[in-house]
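Open the model in your viewer and keep the sequence panel beside it. The tour goes from the whole chain to single residues.

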Amino acid sequence: MENNPLSNVRDVKRLAEGSDQRFQCVVDLTMNGVTEAVGYIADKDDVAETGQWVYAQIMSGEAGEIEDYSPPAPPTPEYLAEMARNDRDSRLRYLDTILTNPLRWAAYSAEQQAVISKYRQDLLDIPQQDNFPTEITWPTSPIG
């Protein structure tokens with residue numbers, strides 16, 4: 001194929017058990033004289049010339065051995081808890097830019113301040129929810 005920006009197809013994995021329809025692989029992509037390894041999905045029915053070329057490389061064996069695809073293991077509860085706390089902490093940091101700034105805080109009425117304070121406490125209480133970290137009910141921010 002003339003002017004093919006792709007080369008060196010490798011690390012081929014089937015995306016469905018026992019199927020030669022779709023593959024995940026790595027190819028080298030050259031653009032403006034720079035070559036970079038990129039992930040690529042090759043599909044039997046691809047209409048693009050480059051896609052057909054990658055698929056042909058895989059099916060001919062030139063891309064090496066084809067591995068069966070194994071989906072990644074589901075995230076652990078510890079990982080989910082860490083991600084939830086990171087999300088919560090990000091929300092708290094934003095909220096604290098209002099609460100710790102006397103001018104910004106004074107712009108809210110006493111009723112609004114109470115709602116914001118409750119929202120902050122609800123964020124702090126996220127890890128105490130019954131199904132944390134697999135099911136989280138996030139409080140709705142009262143700040144737009």
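**The whole chain**

Colour the chain by secondary structure and read from the N terminus: the order of elements is β-β-β-α-β-α-α-α. That comes to four helices and four strands. Keep in mind that this is a predicted model.

Zoom out. The C-alpha atoms fill a box of roughly 70 × 40 × 20 Å along the principal axes. The radius of gyration is 25 Å, whereas a compact globule of 144 residues would have one near 15 Å. Colour by burial next: buried residues make up 24% of the 144 residues. The chain exposes about 9,700 Å², and carbon and sulfur atoms supply 50% of that. Of the contacts with a separation of 6 or more, 45% join residues 24 or more positions apart.

**First stop: the largest nonpolar core**

Select Leu6, Val9, Val12, Phe23, Cys25, Val27, Tyr40, Ala42, Val54, Tyr55, Ile58 and Ala63. These twelve residues form the largest nonpolar core. In soluble globular proteins, nonpolar side chains tend to be buried together.

Centre on Val12. Leaving out residues up to four places away in sequence, Val12 touches Phe23, Gln24, Cys25, Ile58, Ala63, Glu65, Ile66 and Glu67.

**Helix α1**

Which residues of α1 are buried? Select Gly51, Val54, Tyr55, Gln57 and Ile58. Look down the helix axis: the buried residues of α1 fall within an arc of 155 degrees, so they line one face. What covers them includes β1, β2 and β3.

Now check the length of α1. Its twelve residues should span 16 Å at 1.5 Å a residue, and the end C-alpha atoms are 16 Å apart, so the two agree. Step past the end of the helix to Gly61, which follows α1 and has a positive phi near 90 degrees.

Select Asn8, in strand β1. Its phi is positive, about 50 degrees, although Asn8 is not a glycine. Asn8 has a relative accessible area of 42%, so it counts as partly exposed.

Move to Asn32, in the loop between β2 and β3. Here too phi is positive in a residue other than glycine, with a value near 50 degrees. Is Asn32 buried or exposed? Asn32 is exposed, because its relative accessibility is 81% and the cut-off for exposed is over 50%.

An α-helix has 3.6 residues a turn, so residues three or four places apart point the same way.

The 15 residues of α4 (residues 110–124) should span 21 Å at 1.5 Å a residue; the end C-alpha atoms are 21 Å apart, which agrees.

Select Arg88, in helix α2. Is this arginine, Arg88, buried or exposed? Arg88 counts as buried, because its relative accessibility is 12% and the cut-off for buried is under 20%. Beyond residues up to four places away in sequence, Arg88 touches Leu123, Leu124, Ile126, Pro127 and Trp138.

Go on to Tyr108, in the loop between α3 and α4. Tyr108 has a relative accessible area of 24% and is partly exposed. Leaving aside neighbours within four places in sequence, Tyr108 is in contact with Ile98, Gln113, Ile116 and Ile143. Draw a distance from Tyr108 to Arg85: the two are 23 residues apart in sequence and 27 Å apart in space, C-alpha to C-alpha.

**Last stop: a cis bond**

Select Pro133, in the segment after α4. The peptide bond from Phe132 to Pro133 is cis, with omega near 5 degrees.

Methods
Residues numbered from 1 in each chain as written. Predicted model: local features only at pLDDT ≥ 70, side-chain atom pairs only at ≥ 80, totals over all residues. Heavy atoms only, no water. Helix = DSSP H or I, 4+ residues; strand = E, 2+ residues; numbered from the N terminus. Expected span 1.5 Å × (residues − 1). Rg over C-alpha atoms; globule rule 2.2 N^0.38 Å. Buried < 20%, exposed > 50% of the residue type's maximum accessible area, 1.4 Å probe, protein only. Contact = heavy atoms within 4.5 Å. Areas by Shrake-Rupley, 256 points an atom, 1.4 Å probe, with all protein chains shown as cover. Core = buried A, V, L, I, M, F, W, Y, C linked by side-chain atoms within 4.5 Å. Arc of directions from axis to C-beta.
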